[in-house]
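Trainee: I'd like to learn how to read helix packing and chain contacts. Could you walk me through an example?

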Amino acid sequence: MTLLDVKDLRVSFGETRAVDGLSFSLERGRVLGLVGESGCGKSVTSLAVMGLLNGATTSGEIWFDGQELLGSDRRAVRRLRGDRLAMIFQDPLSSLNPYYPVGFQIAEAYRAHRRTSRKQARAIVVRMLDRVGIPEAERRARDYPHQFSGGMRQRVMIAMALCLEPELIIADEPTTALDVTVQAQILALLDTLRAEYGTAVLLITHDLGVVAGTADEVVVMYGGRAVERGEVHALFEDPREPYTRRLLAAVPRIDRPVPDRLETL
Amino acid sequence: MIVYLLKRLGAAAAILLVICALTFTIFYIAPDDPAQKACGKACTPERIEQIRDQLGLDTPIPEQFASYVRGIFAGRTYGTGSTAVECPFPCLGFSFQTNVPVQELLVSRLPVSASIAVGAAVLWLLVGVGAGVLAALRKGSWWDRTAMGAALGGISLPIYLTALVLQYLLVVVFEVLPYPRAVGLLEDPAGWFASMLMPWIALAALYAGMYARLTRTELIGVLSQNFVRTARAKGLPERTVVRRHALRPTLTPIVTVFGMDLGALLGGALITESVFGLPGVGKLAADAINSSDQPVILGVTLFAAAFIVFANVVVDLLYAVLDPRIRLGAS
Amino acid sequence: MALGAPLITALTGQSPTEFHPEAIDPALGGLPKGPWGGISAEHPLGVEPATGRDVLARVVWGARLSLLISLLATLLATTIGTVLGLVAGFQGGWADMVIGRLMDLLMSFPSLIFMIALMSVAPDGNRELMLVAVLGLFGWPYIGRIVRGQAMALAGREFVEAARVLGATRRAILFREVLPNLTGPILVVATLSIPGYIATEAGLSFLGVGVRPPTPSWGQMIASAVPWYAADPVYFLVPGLFLLVTVLAFNVVGDALGDLR
């Protein structure tokens, strides 16, 4: 069953077109990788789905579980946001408010959509922090973002995104700001939780390695539109579009010698 | 934290000492003879000699300075024998003009200055921060442009100009307010308010402009932060996003600026008080300067500097309280 | 206008210090004859009460003085602030310690009171230069602090590092690599500090410790208008408006410069 269906999405900032007729769809419980070089319109797409674009002109349709989002009123989209579709951002330090304890920030997300007492929310927060692998969750919930390491902060963000058990998580470069070893842990965690909750994931990244390891399907974006799409292994094995081929060739591999010249994309 | 506080206080004391020393030296490059000043018009050479002796003017300057500082902490006795005058802690000397201890003068003048400073501060915070927040939230709108234009105008208004125009319009032409007088808040609340209103507006016009601009810049910066986007992504209502997530980081730097401004203002809203003839610390300074009443000038300068330095320490601590990154230290 | 002051006064044929007893009315305690502060073809902005001096002439000569003093003070404060700020930010160590403390100290001064005290004991010689010196002395830490911060940030940047690796001398790095990158902020801060100096100079003269009569200055004109303002508001409004417009103009320019960057 289709959960997210984006049809002919166009986003422009003034004269600049960021997304230019992009269409894709995502089934429940599946992982779709949206890949492309920086500036190809991936992040703008994710913000458009969340309804978080400011000062942009948008057209096209975004269907989420049978509801069209671009034409809906802001309140309706706001109610969905955080509850049924959640987002994980690239830089967990700047994405968390430095003035509030992390527990408060997660509880806030929960209480924005569920009527619960502070105490109940608190229990849920601790359970979530524990679930994403933060030791001593009870105590750490009272700590501030700057007291966590990069990987731990991203775990906090994941806990925040998952606390309402959304149907869709948009992860925008969730591991780019992290160390390589931590990247793998976070991806593994995301994958486990996704499977456990049956959440669909829209994974936005420039890192083809990340996509290859986690996504079911891939949409390759270039210049604001999709140039190629398909099942992840098939696409990586046999890319049809020259752009995809060059994108794949640009990935440095430790099992091959470094080419004399890098191909220009 | 305590070590830090002690360090800050030590630095503050050092700064005050240097300021004291500098101000003290100025008297000795001044052309006037303090003894002559203290003595007044009907003066005999013997009397001058006596005063010289009493004030210790014959001893070297560093020694005089040392006894001055000692006087602040422990009190001192001027002169010896039958002419000895006791000056208790915290001794800042006697006014040449009125022979009243300077510390008493300061204490008696402080309520007026405090009334002016605190009232004006409340006014400019409400108006300035309020206008700045609205302007930032409606960036580019008609309101934003009008408010920022007015803010620039307010910054450009010299206090005495605003003060005189206000007084001319409200007192002379329209006769809605009386000439300001020094009235105690407790004795006559209505009279106090009527007297303070013009000084408040005159001072607040300047500061409200500064605070409106500062608030707007800060809030616009904060609203573009990633954590505000996260707050929106959680599905929080926009009001909560602004109030809880954007305003607090905006107000933290403003609080610190405010602390320093208030500290500087408590030391004497000099021009405001002079224009309205209100007997505050600033008027005391102006009068003392006009009559070369050196102990009073020295006392007021020190007093005002103490407020500024103290406000700086308080602001540092406040910043630590308000910003968890500083309070708990970056890991 | 300030530069044209001699020209304007030549045109109107009025001197800023010349008394015009015929233009005032001794019967009214020296108020100017005629409405609106004695405005006439001869005296386009009226005359001073009690002396009958031409207000226009005094205002334009006052402008000359105010602008000269504030520009010189800005120049002085900017030069000291830039040099010391650069040294403190770039050198670090004890130089930073000393300069930093000095800035702290000067910024903790109740500067207005202190300036007044200093000016009140200052010798009567060249008060204009004294004003420039005092304004500059208390003004430079504000520019110095900004320059220091920026210089510190720049000192760690790659292109400075590169210059260092290439063997450039410290002075070459400071003036060829760091300073050009700071001209923008310095220019903005300097422009924005001009109106402050104009207002402070006027304030000091207003309080009677700045420029002494008969040399005209805006603050002093406003101060001398205070006893008359109820009877003769024009005399007080003219220098006031000139002051306001000038300060506002500098603020607007500084603001626009700041936005440009």
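Trainee: At what angle do helix H4 and helix H6 of chain C pack, and how far apart are their axes?

Mentor: First, the ground rules. This is a predicted model, where local features need pLDDT of at least 70, side-chain atom pairs count only at pLDDT 80 or more, and totals for chains, interfaces and linings use all residues. Residues are numbered from 1 along each chain as its sequence is written, chains are lettered from A and ligands numbered from 1 in the order in which they are written, and side-chain values use heavy atoms, with hydrogens and water left out.

Now the general idea: two packed helices are described by the angle between their axes and the distance between the axes. Here H4(C) (residues 93-108) and H6(C) (residues 127-155) pack at about 130°, axes 9 Å apart. Axes are lines fitted to C-alpha atoms, for helices over the stretch in contact, and angles run from 0 to 180 degrees between N-to-C directions. Helices are DSSP runs (H or I, at least four residues), as are strands (E, at least two), numbered from the N terminus.

Trainee: Why are H4(C) and H6(C) called oblique?

Mentor: Angles under 35 degrees count as roughly parallel, over 145 as roughly antiparallel, 65 to 115 as roughly perpendicular and the rest as oblique. At about 130°, the pair is therefore oblique.

Trainee: Which residues of H4(C) meet H6(C)?

Mentor: Contact means heavy atoms within 4.5 Å. From H4(C) come Asp96(C), Leu102(C), Met103(C), Leu106(C) and Met107(C), and their partners in H6(C) include Trp140(C), Tyr142(C) and Arg145(C).

Trainee: What about H13 of chain B and H5 of chain C: at what angle do they cross?

Mentor: H13(B) (residues 294-322) and H5(C) (residues 111-121) cross at roughly 155°, their axes coming within 9 Å. They are therefore roughly antiparallel. The contact is made by Ile297(B), Val300(B), Thr301(B) and Ala304(B) on one helix and Ile113(C), Phe114(C) and Ala117(C) on the other.

Trainee: How much helix is there in residues 296-322 of chain B?

Mentor: That span is 100% helix and 0% strand, with its end C-alpha atoms 38 Å apart. An unreviewed UniProt entry lists it among the "transmembrane region" features of chain B; such annotations may be inferred rather than shown by experiment, and positions follow the numbering used here, with feature names shortened.

Trainee: And how much area do chain B and chain A bury?

Mentor: Buried area is the accessible area (1.4 Å probe) that two parts lose on being put together, summed over both. These chains bury about 2,400 Å², 57% of it on carbon and sulfur atoms. In chain B, Arg229(B), Ala233(B) and Lys234(B) lose the most area to chain A, together 24% of what that side buries.
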